[in-house]
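Please read it beside the sequence and the coordinates.

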Amino acid sequence: MLDRRRLDEVARCARELHARGWVANHDGNVSVRDDDGRFVATPTARSKRLIETDDLLIVDRSGKVLRGRHRLFGEWQLHRAVYEARPDVRAVLHAHPPTASGFALAGAELAPIATPEIAVSLGEQIPLLPFAMPGSEALERALAAAAERHDALLLERNGVLALGDDLEQALLRLELVEHYARQLLVARQLGGPQPLPADQRSALQQVRTKAGLGPEARGLKR
């Protein structure tokens, strides 16, 4: 059941996104799935800097507001697509961290995966989904398919989605995507990153699976 403490966590996370410079204006959204199938979500048309617990919404799967005085954000269908594809996911963050979003704006993948930390925490790819207008069913289908196998995604022209078992994990994954984007940008200026050798990639994927991460750990085959 939803309690005040969990609602406070969502509000704090929203403010953290703004404090880190990962959202501006009314950008970004935070949502959390509860045990009874309801969701906590941030409202539309409000800076994340200003989000307090009483601003949050309780919504059902369809996006109908069950509690709250504001309107739900217009990209709810993206969050819903993730939750339907991934029963294990309890939190979704959508933000526009500048460097990673710059890659997405340029239509450039965060590739290659060249550090052990990324390979273990996020896997062998951070996919880039092609641009589609908000509300596009094609985008929802593509997002659901990508979310089944990945925990962080770039949306062309639309920032980053990070998924997690809870808000903290989703926030750490978002942080890692932005951090790697900054590293990758510098590496490209210095001649380009060197991919991990195949044997190291294989070993790191085993570490990832043993840590309970990735599709293999959830019983999915690649």
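## Salt bridges

A salt bridge is taken here as a side-chain nitrogen of Lys or Arg within 4 Å of a carboxyl oxygen of Asp or Glu. By this rule the predicted model holds 19 salt bridges.

Another salt bridge, with an N to O distance of 3.5 Å, joins the side chains of Arg15 and Glu52. This pair also links distant parts of the chain, since Arg15 belongs to helix 1 and Glu52 to the loop between strand 2 and strand 3, 37 residues apart. Arg15 has a relative accessibility of 28% and is therefore partly exposed, while Glu52, at 44%, is partly exposed.

## A further pair and a network

Asp35 and Arg90 form a salt bridge in which the closest N and O atoms lie 2.7 Å apart. The two residues come from distant parts of the chain, 55 residues apart: Asp35 is in the loop between strand 1 (29-33) and strand 2, and Arg90 is in the loop between helix 2 (76-85) and strand 5 (91-95). Is Asp35 exposed or buried? With a relative accessible area of 60%, Asp35 is exposed, whereas Arg90, with 24%, is partly exposed. Salt bridges with shared partners also join Arg86, Asp88, Asp151, Arg173 and Arg208 into one network.

## Strand 7 and its neighbours

Strand 7 (residues 152-155) is covered on both faces, with Ala152 and Leu154 buried on one side and Leu153 and Leu155 buried on the other. Strand 6 (residues 128-129) pairs with strand 7 in the parallel sense through 2 bridges, and in this pairing Leu129 stands opposite Leu155. Together with helix 5 (residues 137-147), strand 6 and strand 7 make up a right-handed β-α-β unit.

Strand 7 also runs antiparallel to strand 8 (residues 160-164), to which 3 bridges join it. The bridge partner of Leu154 in strand 8 is Val160. The hairpin of strand 7 and strand 8 has 4 residues between the strands, and within this hairpin Arg157 takes a positive phi near 65°.

## Backbone features in the loops

The peptide bond between Ala111 and Pro112 is cis, with omega about 0°, and Pro112 is located in the loop between helix 3 (98-105) and helix 4 (116-122).

Asn25, although not a glycine, has a positive phi of about 55°; Asn25 is placed in the loop between helix 1 and strand 1, and its relative accessibility of 60% makes it exposed. For Ala45, also not a glycine, phi is positive at about 55°. Ala45 sits in the loop between strand 2 and strand 3, where it is partly exposed at 46% relative accessibility.

Helix 1, strand 1 and helix 6 (167-189) each contribute at least two residues to the lining of the largest pocket, and the largest share, 6 residues, is supplied by helix 1. By class, this lining has 8 nonpolar and 9 charged residues but no polar ones.

The second largest pocket holds about 150 Å³ of space. Its lining includes Ala45, along with His26, Asp27, Phe73, Glu75, His94, His96 and Asn158 among others. How many residues of each class line the second largest pocket? The lining of the second largest pocket divides into 2 nonpolar, 8 polar and 2 charged residues.

Notes. Residues numbered from 1 in each chain as written. Predicted model: local features only at pLDDT ≥ 70, side-chain atom pairs only at ≥ 80, totals over all residues. Heavy atoms only, no water. Buried < 20%, exposed > 50% of the residue type's maximum accessible area, 1.4 Å probe, protein only. Pairing = 2+ DSSP bridges. Right-handed = clockwise from strand over helix to strand, strands pointing away. Nonpolar A, V, L, I, M, F, W, Y, C, P; charged D, E, K, R; others polar. 1 Å grid on protein atoms, 1.4 Å probe; cavity = no way out; pocket = protein on both sides within 12 Å on 5 of 7 lines; lining within 4 Å. Points joined across faces, edges and corners; volume = space filled by probe spheres on them.
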